[in-house]
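Hello,

Here is the structure I promised to pass on to you. Have a look at it first, and then read on for what turned up.

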Amino acid sequence: MSEKPVKLACRNLWKLFGDGAARFVARHGAGADAAAIQAAGLIGAVRNVNIDVRQDEIFVIMGLSGSGKSTLVRCLSRLIEPTSGQILFDGRDLLRASTREMIEIRRHKMGMVFQHFALLPHLNVLQNVAFPLEVQGVPRDKREARAREIIELVGLGGRESYFPRELSGGQQQRVGIARSLAVEPDIWFLDEPFSALDPLIRREMQDEFLRLQNMLHKTIVFITHDFDEAIRLADRIAIMKDGEMVQVATPEELVLNPATDYVAEFTRDVSRAKVLTAGTVMGPVLRESETAGTVPQRARVAQIAHQVEAADKPFAVVDAEGRIVGSIDRRRVVNVLIGRDAGA
């Protein structure tokens, strides 16, 4: 299957804080290291980052506090002005767009959800969700009709007249998500949107997020510091350290083939069963009579472990088109669960 087109990219992107930042980058270019940046009295928040975010994928950016992930996302939407580089959105360099053009792009093509819900306390749910459309000048009847559709989509039907103070934390976050979706964005930025929620509600919001993505197929840039959350949600994960992009890969690739010692340490305690898929550990194709059923190629081993272990026969592994591409049996599942080589 061919890769989907690139929706958003950045090339040689820098964001340095301090006097003379642009001159420093022009003089040193990609060769500037952390020591040189510090010696110049600058802070290297984003350092020579290059990424491609493909259409319809969930691209997760991870890193410890201070790694530059939030600054990077704000640069991608030009909420913060980069020091130098390119940001390509549908092939257009956003750094060449005027302030007025960027306002229109954010209003019509970008959705944003942040850790703090930032709901307007004097507006009810319907008015909060419709607010971006009001800013666009959409007539009241049309914007409220659209807002009601999105409120139903995120599971808040019947609460249109509630005010933020009357909602739980999870419900407030759903309002924030609904508001960001009201403009039908081409790309969706989410900066640690669930980190302020308690673990149970956070899990429910992750499930809701995946349900919405399966319906809407958005291009998403999602920031988190929680690797369990990342592997549940991500198509690919980018790991940052000290402003640099250390590795971009699928969750499986990060765990099986870390590019650096830092990535290896970052993923060291991750359960392989939560990361490895049936397609990674599968064996040869078997006859239909030899299998107990089918499991998706992209299903995590942890998701199918009970099902496979309880059966007397292996399961056929099928790809997205329903074609049988291999098989997985109890032995292969157990090997993953105990940390032994899957094919042993």
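Let me start with the second largest pocket: E6 gives the most to its lining, with 5 residues. A pocket here is an open set of points on a 1 Å grid over the protein atoms alone, where a 1.4 Å probe fits, with protein on both sides within 12 Å along at least five of seven lines; lining residues have an atom within 4 Å of a point. Strands (E, at least two residues) and helices (H or I, at least four) are DSSP runs numbered from the N terminus.

Please keep in mind that this is a predicted model, where local features need pLDDT of at least 70 and side-chain atom pairs pLDDT 80 or more, while totals for chains, interfaces and linings use all residues. Residues are numbered from 1 along each chain as its sequence is written, and side-chain values use heavy atoms, without hydrogens and water.

Back to the second largest pocket: 18 residues line it, and Met110, Met112, Pro132, Arg179 and Ser180 lie nearest its centre. Two or more lining residues come from each of helix H4 (99-109), strand E6 (110-114), helix H5 (125-136) and helix H7 (169-181).

The largest pocket has 43 lining residues, with Leu233, Ala234, Asp235, Arg298 and Arg300 closest to its centre. Helix H8 supplies the largest share of that lining, 7 residues.

There is also an open sheet of 4 strands, ordered E2-E1-E4-E5 with antiparallel pairing (strands pair if DSSP finds at least two bridges between them). Strands E1 and E4 are joined by 5 bridges, and Cys10 has Ile87 in E4 as its bridge partner.

Enjoy exploring!
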